[in-house]
Amino acid sequence: ILLDRFSQFGVATYREDLRVAIVLCLAAAYLPAAWLYSVGSAQRTVRELRPWLPPGEADPDLARVGRYDRVALRVSGAGGVAMLLSALLIAEWGPGILGGIPLMSPEAWFHRGLLVLIGWNAGRAIHGTWIESRRFSRIGRGLTIDLLDPGAAGPLGRYGLRQALVTIGAFSVMAPLFYDVDAAPNLLWLLILSSLAMLVLALVALFLPVRGLHEAIVREKTGQLERANREIRNALDGWPQGRGSALAGWIAYRDLVESVREWPIDAPTARRFALYLAIPVGSWLGGALVERMLDLLLD
């Protein structure tokens, strides 16, 4: 039977089916592992934020980190399945596509079964990332802010960077599926749309957790600048009766406050994020290179 199938469809077809199956299996294994990593990363971030949490009543979001509504997770998983199967339908859309569905090979049905599993876990992962990022944004608004000590920015910035890496990693695992854009009528457009969606999700994962802290920094910075300007006006009213040193000190303090970054994303973090964006490109090119090497060896 195996020889008949090889003679009917050719070795290249089965090599392509095997490649697709390997990529889909890797994606199916990656997403649950990424989910567990993200939950652990969120809980670690809470521990790192303890020194900057205000005393008194605990923030309710802190107790909910790593916990999600089950109904919302199921709905998100179903949405992920619908999204991924719709993407497959769009990529393969062409004359006779609906009539060819009953004639699909067992390998094609296996691939679609894996896509259902991948879509389920992808939808849940996107939901979890969105919920946790919003929680940390709210937590950041209530942190104790010291403009001269940017320590609170570290845990939230690292968390956002890790979530962006997980998001980009998921797309990188799937990127070898797109190396041959002629394999399906609309695969090129699907690649473009998927790349844009990945970029948006990665940016959300990076910036949303620190948005609340950004608002807190802006609020504290505005208050300190108003204070410095008020003290400068008071010093000018007493000029020059012994207020020169105070005036110079408050002017220097105002300049220092103005130099504080309002977004807790420093240059090394931005460079690292830019390097992360190159991972899917390397994965895509690597898949094409491996395929070409197999062609040279087997032809």
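In the predicted model, the axes of helix H7 (residues 153-174) and helix H8 (residues 187-237) come within 8 Å and cross at roughly 165 degrees, where axes are lines fitted to C-alpha atoms, for helices over the stretch in contact, and angles run from 0 to 180 degrees between N-to-C directions. H7 and H8 are therefore roughly antiparallel to each other, a term for angles over 145 degrees, while those under 35 count as roughly parallel, 65 to 115 as roughly perpendicular and the rest as oblique. Their crossing is right-handed, in that a crossing is right-handed if the near helix is turned clockwise from the far one by less than a right angle, and left-handed if anticlockwise. On the H7 side, the contact (heavy atoms within 4.5 Å) includes Ala-153, Leu-156, Gly-157, Tyr-159 and Gly-160, and on the H8 side the residues include Leu-191, Ser-194, Ser-195 and Met-198. By class, 16 nonpolar, six polar and no charged residues take part in the contact of H7 with H8, with Ala, Val, Leu, Ile, Met, Phe, Trp, Tyr, Cys and Pro counted as nonpolar, Asp, Glu, Lys and Arg as charged, and the others, Gly among them, as polar.

Thr-167 lies in helix H7 and is buried, with a relative accessible area of 17%; buried means under 20% relative accessible area, exposed over 50%, and partly exposed in between (1.4 Å probe, protein chains only). Leu-203, which is found in helix H8, counts as partly exposed at 34% relative accessibility. With residues up to four places away in sequence again not counted, Leu-203 touches Leu-208 and Phe-273. Leu-203 and Gly-160 are 43 residues apart in sequence, and their C-alpha atoms are 9.0 Å apart in space.

Helix H6 (residues 106-141) packs with H7 at an angle of about 165 degrees, the axes being 11 Å apart, which makes H6 roughly antiparallel to H7. H6 passes H7 in a left-handed crossing, and the contact is made by Ile-118, Thr-129, Glu-132, Ser-133, Phe-136 and Gly-140 of H6 together with Leu-156, Tyr-159, Gln-163 and Met-174 of H7. Five nonpolar, four polar and one charged residues make up the contact of H6 with H7.

The axes of H6 and H8 come within 7 Å and cross at roughly 10 degrees, and H6 and H8 are therefore roughly parallel to each other. Among the residues in this contact are Ile-126, Thr-129, Trp-130 and Ser-133 of H6 and Leu-201, Val-204, Ala-205 and Leu-208 of H8. The contact of H6 with H8 divides into 10 nonpolar, five polar and five charged residues.

Over the protein chain, the secondary structure comes to 10 helices and zero strands, these being DSSP runs numbered from the N terminus (helices H or I, at least four residues; strands E, at least two). Of the 299 residues, 40% count as buried, and among contacts between residues at least 6 apart in sequence, 87% join residues at least 24 apart. The chain exposes about 16800 Å², of which carbon and sulfur atoms supply 66%, with areas from the Shrake-Rupley method with a 1.4 Å probe, and for residues only the protein chains shown count as cover.

Residues are numbered from 1 along each chain as its sequence is written, and side-chain values use heavy atoms, with hydrogens and water left out. Because the model is predicted, local features need pLDDT of at least 70 and side-chain atom pairs count only at pLDDT 80 or more, whereas totals for chains, interfaces and linings use all residues.
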